[in-house]
Amino acid sequence: MNRSLLVVAALTALTALSGCQKETTCPAGEALCGNACLDLATDSANCGACANACAGGTICKAGACACPTGQSLCGSTCVDLATDPAHCGACANACASGSVCGTSGGATACVLDCPAGTSACGAACVTLASDRLNCGACGKGCVTGESCLAGSCSSLQVACFSVNEVRAVEPLEPTTGAAPRAAGVGPIALTTLGADIWAAASISGSLIRLPVELAVAPTEYLLAGNDFEYIATHAGRVLISNAGAGTVVVVDPATGAVLDEVPVGKSAAENVKGIAFATGPGIELAFVSLYGDSVSGDPTIGQKVAVLNAAGLYTCGQPGGPANCLTALGSIDVSGGADAPGLAFPGRSITVGGKVYVALANLKKGAYGYFTDPAGPGRLAVIDPIDTSVSFFSLSAACGNPGGLAVHGTSLWVACGAGGLAEVDLSGAAPVLVAVHPAAVTSPGNVAFCGDHGFVTDQRSGDVYPFDPVNFAASPAAAIPVCPSSAPPYGYAWAADVACASRP
Amino acid sequence: MRSKIPFLGVLALSFSVATTPRAEEPPPVVMDEQVVRVPRTEAAGDPTGAATVIEASRFAGEAKDVAQLVATAPGVAINDYGGLGQLTTVSIRGSTADGVLVLLDGLPLNSAFGGAVDLSSIPRGWIERIEVLRGPEGALYGAGALGGVVNVVTRRAAADQWSAEATGGSFGSASLAADGAVAALGGTLLLAGSGDTTDGRFPYLYDPTPTLPGDPLVARERENGAARRAGALAKLSVPVLDGWLDTVVQASAGRRGLPGFARNPTPDDWQRDGRLLVAARYARGGPGGLTLGGRVSGRFDRLDVRAGDPVPYRQRGAAGGAAAELGWSHGAGQLSAQLSAEAETVEAGGLPSALTRWSTGLAVGDDLLLLGARLRVAPALRFDAVGPFSGLSGKLGGSWRLGDGWSVRASAGRSFRAPSLAELYFQQGLVTPNPDLVPETGLAADASLVADGPLGLATLGGHVTRYRDLILYQPTWRWRLQPFNSGQALVAGIEAELATAPMLGLARATFSGAYTFLFTELLKGRTDEVGNQVPYRPRQRLYARATAAPGRFELHVEAHYVGRRFSDTRNVEPIPATLLWNAGAAVTLYRPLAVSLHAEVKNLLDDRTLTDGLGNPLPSRMVLLTLRAGSSPTTPHTEGTP
């Protein structure tokens, strides 16, 4: 009995000792409210302090509740004085029955008919293409984190690698954003498909579905991936570069189930990166960049673009469909796009006008023995899907280590990792380098467009630089911080990818 | 007459055979074909600590290396990075592998440069026994013993004793080991040598499409896994000026291929290492119960690694130290004191110049026998200065004999580990040092109940440890890593051991086992991390072994169960539990020379999907044949209590 008591007493003492305080770390600038890290400067439900919710249509700006841009506070409610029939042009200036509130030539008044170019939503005359309270249709309002662009509520989605979030900011006012959403560990690449944004999380090897409705919680699919690097969509499927395994993973977006996983290259050292597709008469191909090994610099590893038959993507996983979604056909050697002693290192890719453009980093060994320094001008490998021939296009010495690619109109925009933003005109028979524009970020990473608004991420911070693709000189002078640093003191920020999402 | 002093610190263990033979020898019972030794739970360096002493003779002929022997103890977790001569480390009670002090004859193998000690670098042919001490042992073994201590004790120098062993088997594995001792200079000289080799080409099943569930695995063969190692050991113990001079020289060197990840093989990578340890200690008794001792030691390390970069990375290290010891047998017990100093210098690629660090230690402890020797109380305090870092380690241990073979023991202690030179100053590739690091600390308490009687031995204990300021490598920009004192963790658990005496008449069956329940909790981290289990720490682990020894034969079967654990701090990526079976048989062929033949089958069920924590394949079924001979009845063995 005594012995049993001794054991029980000892274990009880040990249990009592185990009551230790826990310390939750939050990203820089965020505070712990309950069990969640929140940005009190922008969180409308916790504005300036935990549980301090903004009311009356106000949103949280710089830690204080304020009306969204373009609205004014009348009493305790935010209204659009330009369209609100109860506050037409001024607070409490109500329009009489039968009249509408419209704005023309900068003047707002109660009128009998809406001015030209505006539509009546009740007694409010609105521009459906840009009105955030009636975006595209009467009563369809945009929420915080969205701007009304061309009649769609659009958000700029930014993958914040170090804090494991995807953040949505307003394209027209990127300093205003919605509450961040969790995205596995190390979200590194984004794409959109239907009503969802899809994020590939590199470290957790997971796939995250984030509905375009910003208030809806994301769904994470744990795929046991090894170093996801890129994500793309085609034929209604989601495809991920699983670099750690040297494969491309094909996912059914309806269920999150893996339909196929296709080895590409000799081993994982080939380092699968960007994926692009080419379709046309008799052509249904996928082009997968095999970056290579930036440690050993073995020229026989990577430095290729694998070519796969993508015809099976449409029906694989369905009854009677093919066993494989993708089948390997061969590869295209792009090592000619490098300057000795550098290697080409093909990365992200895009298809424009029937041609596949692949960014070639063209790097040589730099600090600490890794291939990090430009060996010459960044280049594009231009692949003709018809015969898989390849040519190389120089982005000039001003554009070193090119990375992300995006198209606006007939222009291809390339993020130059060594600094700058290259604009390439693709309207002619051959690409023409228009300019390498300065970008107010240290190391441009990836590019996206929301309408006529361009955005490029910084690989060395959480900043996103908004630019004007039509008139670059009119671009803002400074970048905007979007992704916070992970918990101090070792925190860092990385805006890893960017994409534009529009709510139907 | 030789002095008999339980010394504080590493020296007590360094030459324990020469100085405290009776205190450390388990009582042997010689049977027809067997020497049966009591599995002990008491280590010489810390008699009241939570310890398991693993006698290598219990597993003679089974080709077990240091890690496989350590794995038979509770409270430990072996981190096996590929098996068959590849990197193998140990953590104790949830600690990092860096937080375990690994000693070879009491001399630390952990270098100032840092990194966990590779257990595979210790030739198995040398091993006499391994003492596994669980919990912060800094007060008795010096700074660094945050999670515990593994002390590998090499063969005893006993005149006219010899043994030899040859092993061969699967995957081109072979080894030779021999040792012999002769009387010399009024004392004893032991010489031992060993060599091991394996081609490491074992078959395994590979999943080329890890995200696709249910698809068939692909048969592959591990390449570039060859490993070779050789070692030599000399120990001389001679009387000098009314005292004893013990000297030891240990040398080992090895080369192994670094096969890389299964999904990303590295056929051109390799590693070469070498180590030389030299030590001498002198001890003599004095008047009034005083004993005096002193020692000098030196160590040389070399390491060349070709990993990716065709230019190998080189590391060279050298250390020299001295210590003075004082013991006093007073009426109630024995008081011990030790003063030590050591300098260590390291050269490595990535360091602009050689780094040198001084360490000094001052330790005082007592071992009190009270209440008619039923109560043993052992307070100990040690001050360590390691480079610019200094701190106190303390421990209070006690044991109480309740009678009828029952006893309880308990201890509480605190220790610290100074940041290594690598963590402070070493820039390699994407790994960046952090000169602002501070020591990590551990505060722990444990208690256990011991039953030791004619039926066998059983222990049951619980422990709790609070780790603070753990040094963890954190990403600071994309894939760049830098160490920070960012870890806080709580570890608690239950450890149980059982060993029966020979039973069932002529079958002379025995059973032994070790069970570990480990609760770990992250106390600092993101919202999705705090409160979760510490990655790679299985909650449960079981080792069980059954033997029978009818006549000239010996049969045994073992099971290793390692419970599910997580590979990530969010605890969403589980590593499945594994169960591994080993079995073996032995027969004595010629009694006068104790010639015996052993057959050992590892991974009996030929599970080719076994992987380490990083997903690398572990060896499939392996058959080894061993022929042994010796001057004493060394085989077959079984375990139990008389």
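1. Two strands count as paired if DSSP finds at least two bridges between them. The points below rely on that rule, and the model they describe is predicted.

2. Overall scores come first. The model has an ipTM of 0.86 and a pTM of 0.88. For chain B, the average pLDDT is 87, and 91% of the residues score at least 70. Two stretches of chain B should be read with this in mind. Over residues 1-38 of chain B, pLDDT stays under 50, and the model has 115 contacts beyond four places in sequence for that stretch.

3. Consider the hairpin made by strands E39 and E40 of chain A. E39(A) covers residues 444-450 and pairs with E40(A) in the antiparallel sense, over five bridges. Two residues lie between the strands of this hairpin, and Gly451(A), in the turn, has a positive phi of about 60 degrees. One of the bridges has Cys450(A) as the partner of His453(A) in E40(A).

4. E40(A) also takes part in a second hairpin. Its partner there is strand E41 of chain A, residues 463-467, and the two pair in the antiparallel sense over four bridges. This hairpin has four residues between E40(A) and E41(A). Phe455(A) has Pro466(A) in E41(A) as its bridge partner.

5. How many of the six residues of strand E40 of chain A are buried? Six of the six are, so this strand, residues 453-458, is largely enclosed by the rest of the structure. The cut-off behind this is that a residue is buried if 20 or more other C-beta atoms lie within 10 Å of its own. In a regular strand, side chains alternate between the two faces of the sheet. For E40(A), His453(A), Phe455(A) and Thr457(A) point one way, while Gly454(A), Val456(A) and Asp458(A) point the other way. Both sets are buried.

6. Elsewhere in chain A there is an open sheet of four strands, in the order E21-E22-E23-E24, with antiparallel pairing. Its edge strands are E21(A), residues 228-234, and E24(A), residues 257-263, and each of these pairs on one side only. With direction ignored, neighbouring strands of this sheet are turned by 20 degrees against each other on average. Within the sheet, E22(A), residues 237-242, and E23(A), residues 247-252, run antiparallel and are joined by five bridges. Val238(A) stands opposite Val251(A) in E23(A).

7. Next come backbone points to check. Most residues other than glycine have a negative phi, and most peptide bonds are trans. Ala235(A) is not a glycine, yet has a positive phi of about 55 degrees. Ala235(A) sits in the loop between E21 and E22 of chain A. Is Ala235(A) buried or partly exposed? With 18 other C-beta atoms within 10 Å, Ala235(A) is partly exposed.

8. Phe171(B) is also not a glycine and has a positive phi, of about 60 degrees. The loop that holds Phe171(B) runs between strand E10 (162-169) and strand E11 (173-184) of chain B. Phe171(B) has 22 C-beta neighbours inside 10 Å, so it counts as buried.

9. A cis peptide bond is found between Ala340(A) and Pro341(A), with omega about 5 degrees. Pro341(A) belongs to the loop between strand E28 (327-333) and strand E29 (346-352) of chain A.

10. The contact between the chains takes 46 residues from chain A and 46 residues from chain B. On the side of chain B that touches chain A, the strands that each supply at least two residues include E26(B), residues 406-417, and E27(B), residues 440-453. Which strand gives the most to that side of chain B? E28(B) does, with nine residues. By class, that side of chain B has 22 nonpolar, 15 polar and nine charged residues.

11. The chains are also linked by strand pairing. Strand E1 of chain A, residues 23-24, runs parallel to E31(B), and two bridges join them. Thr24(A) stands opposite Gly525(B) in E31(B).

12. Last, the domain assignment of chain A gives domain 1 as 28-66 and domain 2 as 74-141. The C-alpha centres of these two domains of chain A lie 29 Å apart.

Key: Residues are numbered from 1 along each chain as its sequence is written. Chains are lettered from A and ligands numbered from 1 in the order in which they are written. This is a predicted model: local features need pLDDT of at least 70, side-chain atom pairs count only at pLDDT 80 or more; totals for chains, interfaces and linings use all residues. A residue is buried if 20 or more other C-beta atoms lie within 10 Å of its own, exposed if 12 or fewer, and partly exposed in between; C-beta atoms are placed from the backbone. Axes are lines fitted to C-alpha atoms, for helices over the stretch in contact, and angles run from 0 to 180 degrees between N-to-C directions. Two residues are in contact if their C-beta atoms, placed from the backbone, lie within 7 Å. Ala, Val, Leu, Ile, Met, Phe, Trp, Tyr, Cys and Pro count as nonpolar, Asp, Glu, Lys and Arg as charged, and the others, Gly among them, as polar. Domain bounds come from an automatic or database domain assignment. pLDDT is the predictor's confidence in each residue, from 0 to 100.
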